[in-house]
Amino acid sequence: MFMNKIFTQLQKIKNEHRIGLMSHLVLGYPTLEDSLALARTIGEVGVDFLELQIPFSDPLADGPTIMRANEAALKDGFKVKDAFTAAQILAKKLIDTPLLFMTYYNLVFHYGVEAFCRDAADAGVSGLIVPDIPLDEEAYDHFFTHAEHYSLLAMRFLSTVSTEERIQKVLDAPDRFLYFIGQKGTTGARAALTDELSNHIRRIRRYQNVSIAVGFGISKPAHIVSLKKMGVDVAVVGSGIMDVYNDAEKGRKIGAVAQYLTTMRAACG
């Protein structure tokens, strides 16, 4: 089993008896410079993982907030190569914060699966989040094989509608870092988490050596407290950050995000 900064951070979180916090932002939104400044601030707040979304023209899993950010970044001319440059800059600035690229498989496929994994690793990225990865096509695409070859942790996905067969297939190897989609539909802040979420977490907990991150709809400190009680390892906050950024006055946007994430981080215990 290969090791990288993600596993080290997960162990640190366990040793501190708390839940971890993963933040999300869209590279290039509203400009590349702005997103880099926001990323540096997020890292300095003390989040455990930083998820960097590479803009894509058809972000199927994303709700309106993040979808609009993708569209704006692409309209401003953001290119895939800019993501590797950005990661390289951030990896040097935030040496203790594992970086993960988030994007969609069409982009990875057209870039070249092995080349994408190689260049991501070279840029200082530790993990990949590709929600529409065709798990059943691994024998042809070798996405997970290439990721592991370059010491990248490629997260796998389950959701509230996953069958027992799907759970077994996704968790077919030890020491996985699983992304559990905690809401039906797309990303976006929610008022409350679903009652059935706890039952799904218990189902997954039957499998040893799996760390669970829950995303989609996590936007309040109370959500993080609830996830910690359920035994979740990491809470993922995405649209909540973008909403705070968008709603803040010009000149106060990054400060508003820092204050928001400080409150969310405090809820981690």
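His-223 is found in helix H11 (residues 221–230), where helices are DSSP runs of H or I with at least four residues, numbered from the N terminus. This is a predicted model, in which local features need pLDDT of at least 70, side-chain atom pairs count only at pLDDT 80 or more, and totals for chains, interfaces and linings use all residues. Residues are numbered from 1 along each chain as its sequence is written, and side-chain values use heavy atoms, with hydrogens and water left out.

**His-223**
- His-223 has a relative accessible area of 4% and is buried (under 20%; exposed is over 50%, partly exposed in between; 1.4 Å probe, protein chains only).
- A polar atom of the His-223 side chain lies 3.1 Å from the backbone nitrogen of Ser-219.

**Ile-89**
- Ile-89 lies in helix H4 (residues 80–93) and is partly exposed, at 33% relative accessibility.
- Leaving aside residues up to four places away in sequence, Ile-89 touches Leu-36 and Arg-40 (contact means heavy atoms within 4.5 Å).
- Ala-123 is 34 residues from Ile-89 along the chain, and their C-alpha atoms are separated by 8.3 Å.

**Second largest pocket**
- The lining of the second largest pocket comprises 14 residues, and Gly-43, Gly-46, Val-47, Asp-96 and Thr-97 lie nearest its centre (a pocket is an open set of points on a 1 Å grid over the protein atoms alone where a 1.4 Å probe fits, with protein on both sides within 12 Å along at least five of seven lines; lining residues have an atom within 4 Å of a point).
- Helix H1 (5–15) and helix H2 (32–45) are the elements that give two or more residues to this lining.

Methods
Polar contact = N/O pair within 3.5 Å; in protein donor to acceptor, adjacent residues only side chain to side chain.
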